[in-house]
Amino acid sequence: MLRNGSPPRVILGIGGGIAAYKSAELARILIQRGYKVQPVMTAAAMQFITPLTLSTLTHAKVITHLFSERGDANAILSSAVEHIDVALENDLLLVAPATANLLAQFAHGLAGDFLTTMHLAFTGPVLLAPAMNTNMWNHAATQANLRLLRERGYHVVGPDAGDLACGMVGAGRLAEPLEIADAATALLDGQNDLAGETILITAGPTQEAIDPVRVITNRSSGKMGYALAANAAQRGAKVILVSGPVALAAPAQVEMVRVESAEQMKNAVLHRLPEASVFIGVAAVADYRPANPADQKMKKTASRLSIELEPTADILAEVGRLKGDRIVIGFAAETQNLIAEASRKLNAKNCDMVVANLVGGNGTGFEGDENEVLLVTRDAEPQAVSRAAKSVVAAKILDRIPGLRLAAHAEAR
Ligand code: PMT
């Protein structure tokens with residue numbers, strides 16, 4: 001299988017457990033499928049299987065240390081960024097076996113060796129194949145770590161139940177290498193399902209100037225829009241992200257257009273719209289702005305101050321007017337009448353789908369790391385996406401694009 005002319009690239013992280021020996025068989029299957037495999041072994045993994053086995057099977061240098069142990073200065077210089085290079089160059093991080101210790105380190109962002117450090121720099125999909133003793137697997141700490149990782153969008157295959165090397169019988173046996181390889185293939189194939197799409201996304205708040213130092217803004221952190229941009233880019237789409245002022249790093253492989261006000265956001269969107277096959281309006285755009293912003297900092301004079309506001313342009317409605325055969329997805333942030341309001345916006349702004357987002361107090365919607373939404377369309381019952389990390393919710397929203405396109409074509413006929 002080839003993607004854009006080059007084989008998919010998989011980092012095979014190997015943790016220190018007896019099941020590490022099965023990583024050799026897994027590496028062999030991945031290589032047979034035409035993948036480029038970069039083995040990374042922890043110090044404990046090398047107690048169970050040698051790097052030579054993995055390098056022979058994958059024809060790759062096996063990475064075992066965070067810093068080069070050779071003495072020459074150039075080697076040290078190159079190894080200092082190797083964990084970043086490896087993170088950027090690969091499509092999938094597959095960890096088999098994922099030990100209890102690795103799950104804990106991943107869940108809590110520890111970076112004590114090459115695998116855990118590189119994991120923090122890796123922005124693509126992560127597939128974990130846990131393997132450990134049954135009691136360790138059932139321990140509340142392990143299960144809590146796993147829950148956290150799943151909420152963040154990590155994929156997990158296995159473990160199976162059965163006879164374990166420690167003599168116990170129960171859950172904790174590494175999934176079969178073929179099953180792990182199939183899960184990896186499913187992720188790598190699915191990963192490219194948005195290739196050919198150009199997705200224009202707005203995210204974050206806007207800031208509307210009162211005077212040179214004061215603004216009217218809102219609580220949007222940009223997290224939902226950035227999660228959509230990151231997931232779409234991982235799945236092969238060209239992504240243009242028009243972002244209001246937020247404190248987030250640009251997602252990998254995403255073209256950023258930074259703006260402040262609703263007017264700037266509208267101009268940036270209309271400028272890039274002709275390229276877009278999909279538009280997603282996630283931004284919390286100010287509906288009003290000060291009609292006469294002061295040129296100089298306003299002085300405190302009266303006990304009360306009134307600021308006259310005028311409406312901003314509705315960007316999503318404008319995109320809806322220029323829709324053509326583009327897929328248009330809006331959001332609706334509501335504190336009540338969620339479905340009714342989302343349906344009204346769906347029609348008023350000529351969208352294919354509105355993501356209805358209950359906001360105001362339950363930790364979802366604005367600012368938090370999680371969200372919970374309803375996907376509202378014209379011809380189907382609203383589909384609930386239950387509470388999960390914004391990255392998981394983003395993936396579920398993007399999953400709907402092929403279906404929306406089919407529905408739009410059917411309607412046009
Ligand atoms: O950024 P986060 O902290 O992660 O929070 C995510 C979110 C809550 C901001 C997001 O999930 C969300 O609900 N975004 C929509 C916010 C909003 O302004 O909703 P609205 O119901 O007021 O607007 C409806 C739609 O019209 C939205 O797609 C909005 O982008 C668009 N709009 C609104 C006003 C305007 N002048 N121009 C617009 O394009």
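Asn 350 lies in the loop between α13 and β17 (353-358); helices here are DSSP runs of H or I with at least four residues, strands are runs of E with at least two, and both are numbered from the N terminus. The phi angle of Asn 350 is near 55°, a positive value in a residue other than glycine. With a relative accessible area of 35%, Asn 350 is partly exposed. Buried means under 20% relative accessible area, exposed means over 50%, and partly exposed is in between, with a 1.4 Å probe and protein chains only.

Glu 367 is in the loop between β17 and β18 (370-376). Its phi is near 75°, again positive in a residue other than glycine. Glu 367 is partly exposed, at a relative accessible area of 40%.

## Model and overall layout

This is a predicted model, in which local features need pLDDT of at least 70 and side-chain atom pairs count only at pLDDT 80 or more, while totals for chains, interfaces and linings use all residues. Residues are numbered from 1 along each chain as its sequence is written, and side-chain values use heavy atoms, with hydrogens and water left out.

The chain has 15 helices and 19 strands. Its C-alpha atoms fill a box of roughly 75 × 55 × 45 Å along the principal axes. Of its 413 residues, 49% count as buried.

## The ligand and its contacts

Among the 30 residues around the ligand, those that come nearest are Ser 221, Gly 281, Ala 283, Lys 345 and Asn 357; a residue is counted as near if one of its heavy atoms lies within 4 Å. An oxygen atom of the ligand is 2.6 Å from an N or O atom in the side chain of Ser 221. For the side chain of Asn 357, the distance from a ligand oxygen atom to an N or O atom is likewise given as 2.6 Å. A ligand oxygen atom is also 2.8 Å from a polar backbone atom of Leu 316.

Taken alone the ligand exposes 770 Å², and the protein buries 95% of that; these areas come from the Shrake-Rupley method with a 1.4 Å probe. Elements giving two or more residues to the shell around the ligand are α10 (223-234), α12 (315-321) and β16 (327-334). The largest share, five residues, comes from β16.

## Buried helix residues

Thr 185 is part of helix α9 (residues 177-190). It counts as buried because its relative accessibility is 16%. Its side chain makes a polar contact with the side chain of Arg 33 at 2.7 Å; a polar contact is a pair of N or O atoms within 3.5 Å, and within protein one must be able to donate a hydrogen and the other to accept it, with residues adjacent in sequence counting only if both atoms are side-chain atoms.

Leu 346 is placed in helix α13 (residues 338-348) and is buried, with a relative accessible area of 2%. The C-alpha atoms of Leu 346 and Arg 378 are separated by 7.9 Å, although these residues are 32 residues apart along the chain.

## Cis peptide bonds

The peptide bond from Ala 96 to Pro 97 is cis, with omega near -5°. Pro 97 is in strand β3 (residues 92-98). Gly 158 and Pro 159 are also joined by a cis peptide bond, with omega about 5°, and Pro 159 lies in the loop between β5 (155-156) and β6 (160-163).
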